Amino acid sequence: MSQKAKSVDSPLLTAENIKKHFPVETGIISRFLGDEEFVRAVDGVDIELREGETVGVVGESGCGKTTLGRTVARLYEPSDGSIHFDDQEITDVSGDRLKKLRKNIQVIFQDPMSSLNPRKTVGEIVAKPLEIHDLASGDEKRERVIELFEEVGLQESHLDRYPHEFSGGQRQRVGIARALAVEPKLIIADEPVSALDVSVQAQIINLMKRLQAEYGISYLFIAHDLSVVKHISDRVAVMYLGKIAEKGSTEEIFENPQHPYTRALMNSIPRVDKKRSRRDILLEGTPPSPSNPPEGCPFHSRCPEFIGDECVDREPELEQVSGDSGSEDSSHVVACHWQEKSVEERQEQDPFN
Amino acid sequence: MISRLINTVSRRLTGGSETHLFGIRSNLLERFSRILKRDRKAQVGLSIVAVVSLIAIFAPVIAPYDPMSQNFPVMQPPTFTGAHPLGTDSFGRDLLSRVVFGARLSLAVGLSAVAFGTLIGVPMGLYAGYYGGWVDDLLMRMVDTMWAFPALLIAILAVAIHGQSIWVPIFAIGFALIDDFARITRGEVLSIREEEYTLAAESIGMGKFKIMFEEILPNAVAPILVQYTVSTARAILTEATLSFLGIGVKITTPTWGSLLRQGRGFIQQAWWISIIPGLIIMITVLGINLFGDALRDAFDVKESGGT
């Protein structure tokens, strides 16, 4: 969003090879025999974020995007990989340093009903981070909370009400005010609008954009809705089964999608004026289980542009999209075997190109 | 009548607006009074609980005689009027006075036993549910072990060590209730732990201890409170059992259970010595259970408040 931020070289957040595996509850005997099963929610993801930048993470539900966000926010312990934030290694900080980190990374949650404690007034909820980090107390605290309320479009009179007295959009504003209270550098927004009405979605997105311009916050914006991501993101990462399928600037991803999965997601956005092409195949079925992912390319079982044995035998690496595909963005990477094919072969595959 | 009283009390306590009362949204009282208005069972339950509690509190005022004095004719049948409305027992003690004082002890034992179980069981369930992993395994296996010991066995053990006193049934019954409270709390915590507000609390830097007692426990209070009432009824029954078997309070102490026991030998000559305390136990336990049901209904709509 802001021009100044993009010129800063060293990224605010660098996460390398992040893995988060959840053990599946098994009996004590199979655990003893080493028969433990894991759900590979996030399986080796690299992501970086510069100051003031918004990176969108998209994918179907169950692809691990929420887990990625929570791992980066250190709400989950990463199983592997390293996270750097603001020139510091934060992969396994704990105690006071973790608390300090919490002041810089905040989370906005998906479900505005469940993310606010029903037994506390919204005033108490927003004041809590100020207390925890000793930022304000007494009258000063109250004033700060009122200020935050006004900043997110709520009123002072709302202060002593309970979450259930608000609409979904208002509740999400409370959640944003809570995240904003400590003036964080990074906000992980985990599907912040997917539980809201479309008209309210736009309001919240605009609010988030305004706050970003005002405070220079970076967003890791997680969503399953591409059109929402398009509006707010500078760069986009597409996730499938715990891995990144394609990554690049928002423009590149939307104008020149390379991965069949990305294209399928694009097609899932309803449009009125569109001639259909052979590539307009909508995805069917659900993603395979992340506890037992397919061999080779994780997407091969549903891929509409399946090549053959190589997709089953070998997992494609993330590689820079070659100039042949019309890409001008050096950061545009994709994990697909089609990238190894010549231009002719690819054109043959898509007669409408 | 009662519901209007509760309404007034709740408004007095909270100054008319919604605030916290022990971490519970206080409109609970209003909701409870609404349930009272239309639910006959709740009315009966609350009335019984109120009457028994009042009798227990004002026992010295209500009881016509000293429950220990043996100055009256032996085994007089109940007349429901006159000097000894419920008759006298085999030692010539006034049965009404003994039942009234018995309410005091039986309720005290019941409530304290449940308090004992709650104070230990709830924190155990809270820790087990929130920390999970080996803490959960350790605590819950302890609870499983406790589950294997009936209150009766523990009472016999306690009597053997400590001799007969009022503390024996409190400890024995309370100990047997720990596992119930631990399990219920743990189950509740397991679901609340997955709520996003717990994660949100973590993300703003709250410590685990604070999260447990500030975010999780207030949301788990409802089922614990319902369990508390139901367990009180059970505790009163168990106390009666223990006293009947002679391993509860001292034989002279007038609890409802010990009254039952004293009448056992004379059931053919003087049925009232056993039957009357028995009936009173039954009515009280029924009343508390009905009250617990109404409380559960009041809590049931916990999230549906305004929307």
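The domain assignment of chain A, which is automatic or taken from a database, gives domain 1 (3-233) and domain 2 (240-349). This is a predicted model, in which local features need pLDDT of at least 70 and side-chain atom pairs count only at pLDDT 80 or more, while totals for chains, interfaces and linings use all residues. Residues are numbered from 1 along each chain as its sequence is written, and chains are lettered from A and ligands numbered from 1 in the order in which they are written.

Between the two domains of chain A, 20 residues of domain 1 are in contact with 14 residues of domain 2. Two residues are in contact if their C-beta atoms, placed from the backbone, lie within 7 Å. On the domain 1 side, strand 2 and helix 9 (226-232) of chain A each supply at least two residues. Strand 2 of chain A gives the largest share, 8 residues. Helices (H or I, at least four residues) and strands (E, at least two) are DSSP runs, numbered from the N terminus.

Two strands pair if DSSP finds at least two bridges between them. Strand 4 (residues 80-85) of chain A is joined to strand 5 of chain A by 2 bridges, and H84(A) stands opposite E89(A) in strand 5.

The contact between the chains takes 23 residues from chain A and 20 residues from chain B. On chain A, helix 4 (95-104), strand 6 (105-108) and helix 5 (122-132) each give two or more residues.

In chain B, helix 5 (residues 95-131) and helix 10 (residues 208-245) pack at an angle of about 145°, with their axes 8 Å apart. Axes are lines fitted to C-alpha atoms, for helices over the stretch in contact, and angles run from 0 to 180 degrees between N-to-C directions.

The table gives the residue classes. Ala, Val, Leu, Ile, Met, Phe, Trp, Tyr, Cys and Pro count as nonpolar, Asp, Glu, Lys and Arg as charged, and the others, Gly among them, as polar.

| Domain 1 of chain A, side touching domain 2 of chain A | 9 nonpolar residues | 6 polar residues | 5 charged residues |
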